[in-house]
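Visitor: Could you walk me through this model, one question at a time?

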Amino acid sequence: MLLKVRKLEKSFDGIKAVQDCSFAVEKSKIVALIGPNGAGKTTVFNLITGLIKPDAGHIHFKGEPIIGLPPHRIAGLGINRTFQLIRLFPNLTTIDNLLLAKGELGEDFLAAVFKPKQIKHAEETNRKRCMEFLKLVGLEEKRDSLAKNLSYGQRKLVEIARALSTEADLLLLDEPVAGVNPVMREKIKDILLKLKKEGKTILFIEHDMKFVMRIADKVIVMDHGEEIAVGTPKQIQKNKKVLEAYLGPEKI
Amino acid sequence: MAFEAYIINLLILIGIFSILAISLNLAMGFTGLLNIGHIAFYGIGAYTSALLALSLGVPFWIGLVAGGLLAAFFGLILAIPTIKLRGDYLALATLAFAIIMESIFRNWISLTRGPLGLPGIPKPVFFGLTLSGFSYLILVFVFVIITYLFITRLTKSPFGRVLKAIREDELVAKSLGKNTLKFKTIALVISAFFAGIAGSLYAHYITFIDPSTFSILESILVIAMIIIGGLASVPGAVVGAFIVLLIPEVLRFLPIPSYAIGAVRQILFALILVILLIKRPQGILGEFAFKKK
């Protein structure tokens with residue numbers, strides 16, 4: 001198991017956002033996290049990445065407990081994420097957004113001051129690496145545009161490219177295809193399947209059920225902060241609890 | 001001759017304020033730390049090197065470095081409790097810091113002589129040559145160049161890119177694995193160091209300092225310089241220092257009766273600044289304006 005979440009709990013002002021939530025993500029799988037609005041999916045992401053601390057429960061990544069670690073340490077262990085509302089650095093260029101994704105020698109203050117040559121070399125290597133990811137999403141020509149001047153779809157792709165260029169083992173994608181046109185959606189699907197082939201693990205939140213059913217190996221369903229069902233896309237489609245969560249209880 | 005001395009004096013002050021503005025820009029323009037109390041570091045540098053020279057006879061050069069280092073140390077002390085604060089809260093905390101420091105300069109009479117100030121601060125001596133007038137201008141010019149080059153190198157490096165990322169969205173920077181508290185602390189400490197150097201240069205030039213030189217109003221002047229020149233632009237900080245210090249001087253030559261000159265100059269100065277910012281909100285050389293949220 002790459003990621004193991006057990007009995008996670010989190011309340012905001014007495015309202016339980018996540019309760020008794022347990023699931024596991026295996027390596028090299030694409031796992032979808034679905035559920036109605038307000039089910040607590042994004043809160044789970046925030047808990048895994050350490051942006052907020054749970055009230056109770058355990059999270060293990062590669063067998064190590066990660067609860068209580070600051071976000072930058074968790075990122076360093078190999079977990080990266082995208083955000084539901086795209087969060088690029090708007091006044092930085094596209095390539096700078098990617099260059100920031102992985103640590104670099106020149107980010108050390110003393111190196112930045114005293115080792116200009118080594119830094120230049122490290123920067124060139126990093127730039128080449130990041131250009132590959134930019135090519136993968138087809139935006140190499142936009143490398144020097146400020147992120148705020150890109151279109152919505154382009155920004156979505158840059159955010160995915162940025163998550164990729166962290167070279168994290170586990171990617172958490174918060175609604176990767178929301179508001180994206182069908183052509184772009186196909187592209188994102190292809191990218192995710194390619195990543196899976198390369199051995200990356202993806203956990204994603206999505207409301208587009210067609211998309212979920214086509215690429216997920218496993219689906220986790222949440223409702224009212226609880227995980228209510230786990231299974232393959234086919235099993236989930238027939239699950240009564242899931243239908244109730246989405247459509248309300250059947251009237252007799 | 002008098003006119004020449006007047007120009008040299010003006011250029012020295014512009015130079016000293018350029019160092020102050022460049023250093024503030026590192027914290028505020030590049031990293032997004034709303035530091036309203038920058039002038040306190042300037043004061044710490046000035047008082048440190050003045051007191052070392054007056055009471056212990058320490059040479060200017062050592063006093064200068066000590067002033068910078070003590071300002072940097074106070075930068076660290078300020079950073080520890082406040083660096084987690086965001087935006088407006090940090091602004092308030094730094095404002096309080098500047099008020100406390102000014103109050104210390106004013107009330108620790110046994111050390112600083114309070115409002116009486118410290119007169120007779122010696123001019124620096126360089127290989128037997130006492131620096132004043134034109135030679136002092138050269139000294140200040142050298143320090144402007146050093147500050148300019150150092151901050152430029154820093155901000156153009158990957159380190160500087162992380163600072164900008166923190167300014168843009170600290171949460172994302174964190175989730176990309178950056179220890180943002182460390183980066184912000186370093187930025188504040190370096191910024192304080194150069195402000196301390198500027199303070200020492202000021203004290204040994206004017207040869208007299210008192211608490212009113214380091215009031216919060218002076219801080220606002222420096223903030224005006226980097227906003228006018230352009231946030232996150234090193235040359236912009238220098239341009240801002242020129243504009244803010246030159247406008248009142250140019251207005252001095254307007255044919256205005258002497259009883260009204262002070263008020264008219266201030267009104268015109270304010271008017272020019274407002275027009276400048278309406279026409280170019282990102283500043284003269286700036287890349288971006290402060291985010292509207």
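Visitor: At what angle does helix α10 of chain A run to β10(A)?

Guide: Happy to start there! This is a predicted model, where local features need pLDDT of at least 70, side-chain atom pairs count only at pLDDT 80 or more, and totals for chains, interfaces and linings use all residues. Residues are numbered from 1 along each chain as its sequence is written, with chains lettered from A and ligands numbered from 1 in the order in which they are written. Helix α10 (residues 240-247) of chain A lies across β9 (218-223) and β10 of chain A, and its angle to β10(A) (between N-to-C directions, from 0 to 180 degrees, with axes fitted to C-alpha atoms, for helices over the stretch in contact) is about 130°.

Visitor: Which strands stand at the edges of the sheet in chain A?

Guide: Six strands of chain A form an open sheet with mixed pairing, in the order β6-β7-β8-β3-β9-β10; strands (E, at least two residues) and helices (H or I, at least four) are DSSP runs, numbered from the N terminus, and two strands pair if DSSP finds at least two bridges between them. An edge strand has a single partner, so one side is left without a neighbour in the sheet; in chain A this holds for β6 (79-81) and β10 (226-231).

Visitor: What is the bridge partner of A:Ile30 in β8(A)?

Guide: Strand β3 (residues 30-34) and strand β8 (residues 201-205) of chain A pair in the parallel sense over four bridges. In β8(A), the residue bridged to A:Ile30 is A:Ile202.

Visitor: How far apart are the C-alpha centres of domain 1 and domain 2 of chain A?

Guide: An automatic or database domain assignment sets the bounds, giving domain 1 (1-78 + 169-252) and domain 2 (92-167) in chain A. The distance between their C-alpha centres is 27 Å.

Conventions. Contact = placed C-beta atoms within 7 Å.
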